[in-house]
Amino acid sequence: MSEVRVRIAPSPSGNLHVGTARTALFNYLFAKKNNGKFVLRIEDTDAERTSQEYVDNIFDSLKALGLNWDEGPDVGGEYGPYTQSERFDIYPKYIQELLDKGFAYECFCTPEELEAEKEEATANKKAYVYSKKCENLTEEEKAQLRAEGRKPAIRFNIAKAQKAFHESSILKFDDLVKGELQMDTNLIGDFVIMKSNGAPTYNYAVVIDDALMKITHVIRGEDHISNTYKQILIFEALGFDVPRFGHLGMILAPDRSKLSKRHGATAVSDFVEQGYLTEALVNFVALLGWAPSDGEEVKPVEKIAEDFRIGEISSSNSIFEYDKLKWMNSHYIKALPIATLKEILKKYLTKYNLTELSDEQYTRMVEITREPLTLLSDITEAVSYFFGGKNVDIEEEVQTTVLDLPESQDILKAFVEQGEGWEWTEHNLHEKLDAFRGEFKEKGIKPKATMWAIRGAITGRTRGADMTATLAILGKENCLERAKKSIK
RNA sequence: GCCCCCAUCGUCUAGAGGCCUAGGACAACACCCUUUCACGGUGUAGACAGCGAUUCGAAUUCGCUUGGGGGUACCA
């Protein structure tokens, strides 16, 4: 068998969507598993909805996810260019071939005429199929229409192609993930392959590009199933090898509608912005429709590739559940080397004066606050009480339910008194505090309550990082001052 | 409307006629660990959409119904 070649062909009309990212991932996995090539092609035939900003976003997102392409607009390759708008000179040639072979014809219908046909079809509860009004126009008639100033679009002749290569009107193909799929081609209208302005349409351009780029397997979303029949016919009409197709279920939002902005992040870059690690994102998205054979869900892309079997992808849609993504993300955050984490986190700590902490203190702070993080951005709030020196904001609830208690007042007074004499290192504090709790335990105060009083006064909160380490990082002076301020 | 695809716990899934009184993961809940929070550990609850058919036997095969998704453009 010839070399496996797959592609991802995003349209730069928006930032890279997670759905597209998943399609890209499955293509990438398939290529890796089969020692093939992964191609990136930018489909920007519709100039109005396309922008360079989005092209850049697509590049960056794909790279961040680790889905590096072997051929593409930036890295080039044997079958370039890899941007459709730069390929406009090669599309007309095959249009002409289709025209010559009788598989395509000029259509002079106006938008109004077409609209009328559609309305009639819906009124009769029939599927809309183009009337083929222009199929057999004579040269005189065409000349006449041209003289009126009409510019023709080119339509593909479905019935002709179907008859030329298949026995019945039913067109079948064996889908890589869904198995045999079929469609009655009588229900497909003769669609436009070249617009009257000379630009190729999607269904036509993809075929030319896939054929010329020697794509062997087309893996994409199932929203393309209906296009597949049209594309197969064009491949055949032009004498190209028809690639294998594989259609993935869609990714839906928790309410089963299309995943959109109102559900939260949708673009890969949005997720990154919100504090998700791309390793977690790509791992999570791989689990949508696919399951590892060993049951180990957390694993890097390269491991997934080894285990990847396209025929075992689920053919149904799957819902994008943020909960599991968050769990995955916290998992990856915990696995990150501390040095890396320290750097990444700085982006979320710009509101603080990091110079208040030595590198050693900063390191320790990250170590003790990383545990509960589900998003990197959670660090911003989690760490607030490490800054501000002698002052800290006390939460209302902490004030009333903890600090106002008489026993808490006693604890704090003793803490300030004894603390003065303590050597303020984490190791020593650990021991001192242990004895301190014991002292109060004898008076009938639970260790928990003792710590809560201290935590409340020092951090202003009821929850937070390891208390001993927190005290050590803040230093004796800051801690005792904060404690004093909570004593009435 | 018409056409196509899909259907196992709330979610992602395992399951390719007997191994299934349906397994795992996330979420939920309970308990344990613990100087708080968290992490971790243990456990509980939770599904084969419905109806027919085939078969000795069906989550697994077939049909219908229902539900969900997609397509129906001179968008991609």
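A residue counts as exposed when its relative accessible area is over 50%, as buried when it is under 20%, and as partly exposed in between. Keep in mind as you go that this is a predicted model.

Stop 1: Select E139 and K142. E139 is exposed, at 54% relative accessible area, whereas K142, at 15%, counts as buried. The two form a salt bridge, with their closest N and O atoms 3.6 Å apart. Both sit in helix 5 (residues 139-147), and because they are 3 residues apart there, about one helical turn separates them.

**Stop 2: a partly exposed pair.** Now select E97 and K101. Their side chains meet in a salt bridge of 2.9 Å, N to O. E97 is partly exposed, with a relative accessible area of 25%, and K101 is partly exposed too, at 41%.

Stop 3: Next, pick R5 and E71. Here a salt bridge joins the side chains at 2.8 Å, N to O. E71 belongs to the loop between helix 2 (52-64) and helix 3 (91-100) and R5 to strand 1, so this pair ties together parts that are 66 residues apart in sequence. Are these side chains buried or exposed? R5 is buried, with a relative accessible area of 4%, and E71 is buried as well, at 7%.

**Stop 4: a network.** Select R7, R41, E43, R87, D209 and D210 together; salt bridges link them in a network. Across the whole structure, a search finds 32 salt bridges.

**Stop 5: the largest pocket.** Which residues lie nearest the centre of the largest pocket? Select S11, H17, T20, D223 and H224 to find them, among the 42 residues that line it. The volume of this pocket is about 1200 Å³. Colour strand 1 (5-8), helix 1 (18-33), helix 7 (202-212), strand 8 (217-221) and strand 10 (251-252) to see the elements that each give two or more residues to its lining. Helix 1 provides the largest share, 5 residues. By type, the lining of the largest pocket has 18 polar, 14 nonpolar and 10 charged residues.

**Stop 6: the second largest pocket.** Finally, select S2, K214, I215, T216 and D241, the closest to the centre of the second largest pocket among its 17 lining residues. About 360 Å³ of space lies in this pocket. Its lining divides into 8 nonpolar, 6 charged and 3 polar residues.

Technical notes: Residues are numbered from 1 along each chain as its sequence is written. Chains are lettered from A and ligands numbered from 1 in the order in which they are written. This is a predicted model: local features need pLDDT of at least 70, side-chain atom pairs count only at pLDDT 80 or more; totals for chains, interfaces and linings use all residues. Side-chain values use heavy atoms; hydrogens and water are left out. On a 1 Å grid over the protein atoms alone, a cavity is a set of points where a 1.4 Å probe fits but cannot get out, and a pocket is an open set with protein on both sides within 12 Å along at least five of seven lines; lining residues have an atom within 4 Å of a point. Grid points are joined across faces, edges and corners, and a volume is the space filled by probe spheres set on the points. Helices (H or I, at least four residues) and strands (E, at least two) are DSSP runs, numbered from the N terminus. Ala, Val, Leu, Ile, Met, Phe, Trp, Tyr, Cys and Pro count as nonpolar, Asp, Glu, Lys and Arg as charged, and the others, Gly among them, as polar. A salt bridge is a side-chain nitrogen of Lys or Arg within 4 Å of a carboxyl oxygen of Asp or Glu. Buried means under 20% relative accessible area, exposed over 50%, partly exposed in between (1.4 Å probe, protein chains only).
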